[in-house]
Amino acid sequence: MKLLTHNMLSSKAIKNVREGFPLLIEARDVKVSEAEFNQEFIAKIIPKVDWDALRRAAEQLGHLESLPLAVPQGFENDTDFLKQAHHALYEIELINGNLVCPETGRKFPVSDGIPNMLLNEDEI
Amino acid sequence: MKISTPNTPHLAQPEFQDVYEPAEDSYLLLDALEQDLDTQSPLLVVEIGSGSGIISSALSSCYPEAIVLATDVNTSACQATLNTASLNQNKNIQVVRTDFLQCLWDRVKGKVDLLVCNPPYVATDEVELGSKGIEASWAGGHLGLDLTRRIVENLNEILSPNGISYLVLEQCNKPDEFIEEIRTEHGLTCEKVLSRRAGREFLTVIKIKR
């Protein structure tokens, strides 16, 4: 599960959960690999990303590195920034671990890179 | 838009026996997409019920610059989708095990540029619903429209302003009546893209947008 995906997951569907985002990460196996960098593409994705959630996730995976606190002005042309964003979004993967609802503590297992977000009838 | 059929040799392995193997409905959807999609890349592509992953993989190859989110309730299907992506060099597919975008909803609603689904379209009793195994790939409840209708009811919320959805219908779904329902009850534009007879089934791919 890449952090781009984590950025799209929430536990709000659970009864009584107000936000459920971002999910906390308990990491057991993390993989870092290389993915082709496409500046234009990353620039298009940045507006859709919750930057704060991405930073927190990277930190929980032990890969905060020098990810800036906020998206800079004129980010579309800031290659250094976009490369860092690309690395965080695409090159760090949680293979095994748990995603945790920040309000209820409910754990969603991640196995072989796939998060299991199935909720039981009595949870929703 | 030329679409190559992804390779799926791994589906013969026993661990994937619970996964829907690509059949005429899958190929019809691929043909319809090939015929109808244009070259302008969507940003966010979502598949509900990816099964073997053949559709997501094809879309991923078509649009290497899109984010492709493949979802399925069946854990073997999720794994199969990941394998299909890997085999076909699709770097932009993400797989999430979930029921109908649950847990993705809040973050993707209003942002989906392309939503595809080859749904469980066989008419069955209500009691056959709720499985997370192979039955989930065909058991469609009343008129076989359980999931299909759920998608249509939520399309206005799911799709981005210019977003499009492609769904597969079978004649037991009463396509003409359903298309009318899509237009009148949901104020959406809907047209048939491609139809084909496949054994005892008569399949139609429809395209829906605002």
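Helices (H or I, at least four residues) and strands (E, at least two) are DSSP runs, numbered from the N terminus. With that in hand, hello everyone, and let me walk you through this structure.

A word on the ground rules. This is a predicted model, where local features need pLDDT of at least 70 and side-chain atom pairs count only at pLDDT 80 or more, while totals for chains, interfaces and linings use all residues. Residues are numbered from 1 along each chain as its sequence is written, chains are lettered from A and ligands numbered from 1 in the order in which they are written, and side-chain values use heavy atoms, with hydrogens and water left out.

Let's start with chain A. Chain A has four helices and four strands, and from the N terminus they come in the order α-β-α-α-α-β-β-β. Its radius of gyration is 15 Å, close to the 14 Å that the globule rule gives for 124 residues, so chain A is as compact as a globular protein of that length. That radius is taken over C-alpha atoms, and the rule is 2.2 Å times the number of residues to the power 0.38. The C-alpha atoms of chain A fill a box of roughly 50 × 30 × 20 Å along the principal axes.

How much of chain A is buried? The share is 52% of the 124 residues, where buried means under 20% relative accessible area, exposed over 50%, and partly exposed in between (1.4 Å probe, protein chains only). As for contacts, meaning heavy atoms within 4.5 Å, those in chain A with a separation of 6 or more are 65% between residues 24 or more positions apart.

Now please find helix H4 of chain A, residues 79–91. Its buried residues include Phe81(A), Leu82(A), His86(A) and Tyr90(A). The buried residues of H4(A) pack against helices H1, H2 and H3 and strands S1 and S2 of chain A, together with strand S2 (67–72) of chain B.

Most residues other than glycine have a negative phi, and most peptide bonds are trans. The peptide bond from Phe21(A) to Pro22(A) is cis, with omega near -5 degrees, and Pro22(A) sits in the loop between H1 and S1 of chain A. Glu65(A), in the loop between H3 and H4 of chain A, is not a glycine and yet has a positive phi of about 45 degrees. Is Glu65(A) buried or exposed? Glu65(A) counts as exposed, at 53% relative accessibility.

On to chain B. Here there are six helices and seven strands, in the pattern α-β-α-β-α-β-α-β-α-β-α-β-β. Chain B has a radius of gyration of 16 Å, close to the 17 Å that the globule rule gives for 210 residues, so chain B is as compact as a globular protein of that length. Its C-alpha atoms fill a box of roughly 40 × 40 × 35 Å along the principal axes, and 57% of the 210 residues count as buried.

At 17% relative accessibility, Ser76(B) counts as buried. Beyond its neighbours within four places in sequence, Ser76(B) is in contact with Glu15(B), Phe16(B), Asp18(B) and Val19(B). Ser76(B) and Lys132(B) are 56 residues apart in sequence, while their C-alpha atoms are 9.7 Å apart in space.

Leu143(B) is not a glycine, but its phi is positive, about 60 degrees. Leu143(B) lies in the loop between S4 and helix H5 (146–158) of chain B and counts as partly exposed, at 24% relative accessibility.

Finally, where do the chains meet? The contact takes 27 residues from chain A and 25 residues from chain B. The area buried between them is about 2300 Å², with carbon and sulfur atoms giving 62%; buried area here is the accessible area (1.4 Å probe) that two parts lose on being put together, summed over both. On the chain B side, Arg97(B), Cys103(B) and Arg107(B) lose the most area to chain A, together 30% of what that side buries.
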